[in-house]
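Biologist: I'd like to learn how to read a model like this one. Can you put it up and take me through it?

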Amino acid sequence: MAFLVTGSTRGIGRAIAGQLASCGAIVGIHGRSEDGVNAACAEMTAAGNRVVPVPADFSNPETAAGAVRAFHSKSGRLDGLVNNAGGGKAVAFRGMTLEKWRATFSINLEAAMMASREAYSIMRGAKCGSIVNIASLAAHGPGKWMGADYAASKAGLVSITQSLAFEAARFGIRVNAISPGMVETDMTSILPEETRKSLSIPMGRLGRPGEVASTVLFLLSDESSYITGHVLHVDGGLWM
């Protein structure tokens, strides 16, 4: 089995890549920094995992399609794609610029669209495959701490998930999304303790990257063979 995980040099993406590799899969490690990608690959290779470095800067969305093609060429197959690459820095709506809006959409939505389109073309030939998009709880309401641009881009990713799932189902290809809540990553490490408490997460804590990764593995596997077009919240009950 071979899976490409975008944005997989750290955080949730790294956890996803690690769990897939531990199951014996060939895993594509992607990041915008070639040094970062090579370092992550070296660590995983030292642990006995099979990885393929896929450096690409998704601020230019067209490079995402090339990343999928490069991984497919090197691994010889493509069983799954995880669109995890993304980012954002909260700015009040009154301070939002069109330049920042477009930059957020480029990496969070347009790159995922380009990667998914390329993967879909490859998977149609095999008449099987699974795509998992990492959206966000922000996709289902106000951006709050992440900003309107981030929330809107992730809402678009949810929409793409369902549109492609509908079209791809007849070819045996499944497309699902995960909307994580607040997870312990670089993006949330700056949150002060008071803010963390004010979240009122029913389970009383932030999530762990591995908990999101385990859900991704389920959606990539045959254990979820009759699930498509679904958005699964992994948020400790926060959406409630």
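Modeller: Helices (H or I, at least four residues) and strands (E, at least two) are DSSP runs, numbered from the N terminus. This is a predicted model, where local features need pLDDT of at least 70, side-chain atom pairs count only at pLDDT 80 or more, and totals for chains, interfaces and linings use all residues. Residues are numbered from 1 along each chain as its sequence is written, and side-chain values use heavy atoms, with hydrogens and water left out.

Biologist: In what order do the elements of the chain run from the N terminus on?

Modeller: They go β-α-β-α-β-α-β-α-β-α-β-α-α-β.

Biologist: And how do I read the radius of gyration of the chain?

Modeller: The radius is taken over C-alpha atoms, and you hold it against the globule rule, 2.2 Å times the number of residues to the power 0.38. Here the chain comes to 17 Å, close to the 18 Å that the rule gives for 240 residues, so it is as compact as a globular protein of that length. Along the principal axes, the C-alpha atoms fill a box of roughly 50 × 40 × 35 Å.

Biologist: What percentage of the residues of the chain count as buried?

Modeller: Buried means under 20% relative accessible area, exposed over 50%, and partly exposed in between (1.4 Å probe, protein chains only). By that reading, 51% of the 240 residues are buried.

Biologist: What about Leu109: which helix does it lie in?

Modeller: Leu109 belongs to helix H4 (residues 98–126), and Leu109 is buried too, with a relative accessible area of 13%. Leaving aside neighbours within four places in sequence, Leu109 is in contact with Thr104, Ser153, Gly156, Leu157 and Ile160.

Biologist: And for the chain as a whole, what do contacts tell me?

Modeller: Look at how far apart in sequence the partners are. Among contacts between residues at least 6 apart in sequence, 71% join residues at least 24 apart.

Methods:
Contact = heavy atoms within 4.5 Å.
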